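Here is a short note to read with the structure open.

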Amino acid sequence: MRTQVGIIGAGPAGLMLAHLLAREKIESVVLEVRSREYVQERVRAGVLEQGTVDLMRAAGVGARLAHEGLLHRGIELRFARGRHRIDLSELTDGAAITIYGQNEVIKDLTDARVATGQPIFFECATVSVHGFDAEQPTIRFAHGGTEHELRCDYIAGCDGFHGVCRSSIPASALTLYERVYPFAWLGILAAVAPSSEELIYSHHERGFALHSMRSPKLTRLYLQCAPDEKLEAWPDVRIWEELDRRFEIDGGWSLKRGPITHKGITEMRSFVAEPMQYGRLFLAGDAAHIVPPTGAKGLNLAIADVRVLARALAEYYRSGERAMLEEYSRICLRRVWKVQRFSWWMTAMLHRFDEHNAFDARRQMAELDYLTSSRAAAQSLAENYVGLPIQW
Ligand code: RFL
Ligand code: PHB
């Protein structure tokens, strides 16, 4: 088997790359270890930056998003029993975010892929990458009990944090930057209408909580918990009681309860591998970097990477010019580090840290007070939250 670009992973990065390449008449093969159903049902991100929405529309995969996505022009911050709205649109010349589940993005992109007739293989096994330090990279994999070898010009490693691509690069060629946080998020989906029209990020002495949603009938909620927390320790009633406490404000507010349809625990990590390229292997999305979810950036950053990669590959196939491919890592890392800074900052500002002393606690409150009383500070949050412009 032979193709131009071998894409490993059918998450947002791999599928969007495949789609953008197809629009440039560049052939690719997508390989995914999981089943189509599994990838489409996985509960993950929900916030799309303005630029991600614009790209989906421009690339012809925005029809359902336009109907079903929920446009949000602000977010709410809660702390010290008070509520404060950050008007994202007013602070950013009209930009906004859209609530649309990652699994919906995956469905739209998978449908678009299948419609092109170009190959996508789910449930692959023993995927491995070879020869990417020379002219002819290959990917070996098993599918339906048969071993295959896929020869390609380039390999896109879009296989997430635990994939094979990054770990196939010689360790001496990569520098890894990492911070693991001393807490996790317990997340639930509940079949009940959201209790607020906008997202609520709540700082509380018992720990952070977040109110989000997926649709007018589905609420998504998170609460900060211990990194080694066990789901069994959290029967539904304990989750609701804890959420009630963490969202409490003066003047009263109530969280609507409904049947919990999904529960999960997410670890919190900041991670970057540099560079994002080795020979003819390019890393994109979570394969190259992880952000803690507090800034709602992981999916958006994955999309930003493949936008750069698709443009660089298009330039190469159009003109034989490799200049932009060689710049791929440098271009992406500028954005990656700014998004790392923002995600770390949101995380540090909103969570309870056991090691904090009284000084740290006061400093954290001063930061929130500043953010909600200074236009300059709020504008900085807003510009990052709706998404920084892509700088080529
Ligand atoms: P993915 O989505 O992990 O996709 C990688 C795919 O590769 C497959 N794979 C392999 N395939 C072939 N061969 C192998 N050897 C393979 N190994 C792995 C995997 O099965 C998978 O299908 O990475 P990608 O495409 O880089 O996308 C990244 C995003 O999924 C991730 O950053 C976001 O979900 C993070 N995230 C959020 N991001 C946002 O932008 N906004 C949010 O609101 C947001 N909220 C979240 C989040 C992530 C969360 N969790 C569960 C980590 C909330 C949560 C709770
Ligand atoms: C979500 O809706 O899943 C979500 C929203 C905002 C975040 C993280 C996750 O910061």
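1. A residue is counted as near a ligand if one of its heavy atoms lies within 4 Å of it, and the domain bounds used below come from an automatic or database domain assignment. With these terms, the shell around ligand 2 draws at least three residues from each of domain 1 and domain 2. Keep in mind throughout that this is a predicted model.

2. The domains come next. The assignment gives domain 1 as 5-72 + 96-178 + 269-350, and domain 2 as 181-267 + 353-386. The centres of domain 1 and domain 2, taken over C-alpha atoms, are 28 Å apart. Contact between them involves 30 residues of domain 1 and 28 residues of domain 2.

3. Which residues come nearest to ligand 2? They are Tyr201, Ser212, Arg214, Tyr222 and Pro293, out of 14 residues around this ligand. By class, the shell of ligand 2 has 8 nonpolar, 3 polar and 3 charged residues.

4. Polar contacts to ligand 2 involve both side chain and backbone. From the side chain of Tyr201, a polar atom lies 2.7 Å from an oxygen atom of ligand 2. Pro293 takes part through its backbone, where a polar atom is 2.8 Å from an oxygen atom of the ligand. Thr294 also uses a backbone N or O atom, at 3.2 Å from an oxygen atom of ligand 2. On its own, ligand 2 exposes 280 Å², and the protein buries 97% of that.

5. Strands contribute to this shell. E14 (199-202), E15 (209-215) and E16 each supply at least two residues around ligand 2. E15 gives the most, with 3 residues.

6. Ligand 1 is surrounded by 32 residues, and the closest are Glu32, Arg42, Gln102, Asp286 and Leu299. The class count for this shell is 14 nonpolar, 10 polar and 8 charged residues. Domain 1 and domain 2 each provide at least three residues of the shell around ligand 1.

7. How far is an oxygen atom of ligand 1 from an N or O atom in the side chain of Gln102? The distance is 2.6 Å. For Asp286, a polar side-chain atom lies 2.7 Å from an oxygen atom of ligand 1. In the case of Arg44, an N or O atom of the side chain is 3.0 Å from an oxygen atom of the ligand. The protein covers 88% of the 1,000 Å² of accessible area that ligand 1 has on its own.

8. Helix H1 (12-23), strand E16 (218-225) and helix H9 (298-319) each supply at least two of its residues. The largest share, 4 residues, comes from H9. Strand E16 also supplies at least two residues of the shell around ligand 2.

9. The last point concerns two helices. H10 (residues 323-350) and H11 (residues 358-371) pack at an angle of about 115°, and their axes are 9 Å apart. On the H10 side the contact is made by Trp345, Ala348, Met349 and Leu350, and on the H11 side by Gln364, Glu367, Leu368 and Leu371. By class, this contact has 6 nonpolar, 1 polar and 1 charged residues.

Terms used. Residues are numbered from 1 along each chain as its sequence is written. Chains are lettered from A and ligands numbered from 1 in the order in which they are written. This is a predicted model: local features need pLDDT of at least 70, side-chain atom pairs count only at pLDDT 80 or more; totals for chains, interfaces and linings use all residues. Side-chain values use heavy atoms; hydrogens and water are left out. A polar contact is a pair of N or O atoms within 3.5 Å; within protein, one must be able to donate a hydrogen and the other to accept it, and residues adjacent in sequence count only if both atoms are side-chain atoms. Accessible areas come from the Shrake-Rupley method with a 1.4 Å probe; for residues, only the protein chains shown count as cover. Ala, Val, Leu, Ile, Met, Phe, Trp, Tyr, Cys and Pro count as nonpolar, Asp, Glu, Lys and Arg as charged, and the others, Gly among them, as polar. Axes are lines fitted to C-alpha atoms, for helices over the stretch in contact, and angles run from 0 to 180 degrees between N-to-C directions. Contact means heavy atoms within 4.5 Å.
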